[in-house]
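The sequence and the structure are shown first.

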Amino acid sequence: MSYIAIVDYGAGNLMSVHNSLDFLGYDNKIAKEPEDLDRAAGVILPGVGAFPDAMQALSGSGLLEAVQDAAHKKPFLGICLGMQMLFERSEEVRPCQGLSLLPGCIRRIETPYKLPQIGWNSLHIVHPNALTQGLNEGDAVYFVHSFAACPADLADLACVTDYGVEVPAMVARGNVFGCQFHPEKSGEVGLKILKNFAALTEEHA
């Protein structure tokens, strides 16, 4: 039986994602071993905290290569810090290399508004993709972050939000997706995004 793997590397908000997938009725597994990712139909990489700490934790977990391998083979979703880790590098705390699945870097949001950005903000859909199916322009989702992606290829930019400046909210390239917001904390809109991702994993299984 196929399942969605939620990567457990000690730096992610696992249970809210797990509970949301359970609520939607999709088989999922907290993945602590490389084999858990190998056998999965799709993978979700959550993340909270600082970028260098998360990359160090992922490397130390023994899951780094399995994560990179999975991202080249099956539906893959990074959430919040997990989305930022998809990129080549980050300037948070200190220069740090990311997973290099998408070209670009992570920088502090240059906004007149208070940081971190915490709360509900509207989505503007730039490039529709499988995860935006059924979403409406202006749908609100829940953000908590101070740093944001700067994609080198604007074709990867799926959705943006306005926080005094334009902030990337979703990225997508092939089978790799990222949500800067928390779909698992974004009500019906977030559940729709997770359902769309789960549908991709069912096609892959």
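How many aromatic pairs does the structure hold? In this predicted model, there are three aromatic pairs. Two of them are described here.

The rings of Y113 and Y163 form an edge-to-face pair, with 5.1 Å centre to centre and 85 degrees between the planes. Y113 lies in the loop between strand 7 (102-108) and strand 8 (117-122), and Y163 in the loop between strand 12 (157-162) and strand 13 (166-173), so the pair ties together parts that are 50 residues apart in sequence. The two partners fall into separate accessibility classes: Y113 is partly exposed, at a relative accessible area of 47%, whereas Y163 is buried, at 14%.

In the pair of W120 and Y142, the ring centres are 5.8 Å apart and the planes stand at 65 degrees; because an angle over 60 degrees counts as edge-to-face, this pair is edge-to-face. W120 belongs to strand 8 and Y142 to strand 10 (residues 140-145), so the pair ties together parts that are 22 residues apart in sequence. Y142 has a relative accessibility of 22% and counts as partly exposed.

| Aromatic pair | Centre to centre | Angle between planes |
|---|---|---|
| Y113 and Y163 | 5.1 Å | 85 degrees |
| W120 and Y142 | 5.8 Å | 65 degrees |

Strand 10 also contains H145. Is H145 buried or exposed? With a relative accessible area of 5%, H145 is buried, because the class covers values under 20%. The side chain of H145 makes a polar contact of 2.7 Å with the side chain of Q117, and the H145 side chain also reaches the backbone oxygen of F147 at 2.8 Å. Leaving aside residues up to four places away in sequence, H145 touches Q84, I109, L115, P116, Q117, V167 and Q180.

Strand 7, strand 11 (147-151) and strand 13 are the elements that give two or more residues to the lining. Which element supplies the largest share of the lining of the largest pocket? Strand 11 does, with four residues. By class, the lining comprises ten nonpolar and four charged residues, with no polar ones.

Conventions: Residues are numbered from 1 along each chain as its sequence is written. This is a predicted model: local features need pLDDT of at least 70, side-chain atom pairs count only at pLDDT 80 or more; totals for chains, interfaces and linings use all residues. Side-chain values use heavy atoms; hydrogens and water are left out. Rings of Phe, Tyr and Trp (its six-membered ring) pair if their centres lie within 6.5 Å; planes under 30 degrees apart count as stacked, over 60 as edge-to-face and the rest as tilted. Buried means under 20% relative accessible area, exposed over 50%, partly exposed in between (1.4 Å probe, protein chains only). A polar contact is a pair of N or O atoms within 3.5 Å; within protein, one must be able to donate a hydrogen and the other to accept it, and residues adjacent in sequence count only if both atoms are side-chain atoms. Contact means heavy atoms within 4.5 Å. Ala, Val, Leu, Ile, Met, Phe, Trp, Tyr, Cys and Pro count as nonpolar, Asp, Glu, Lys and Arg as charged, and the others, Gly among them, as polar.
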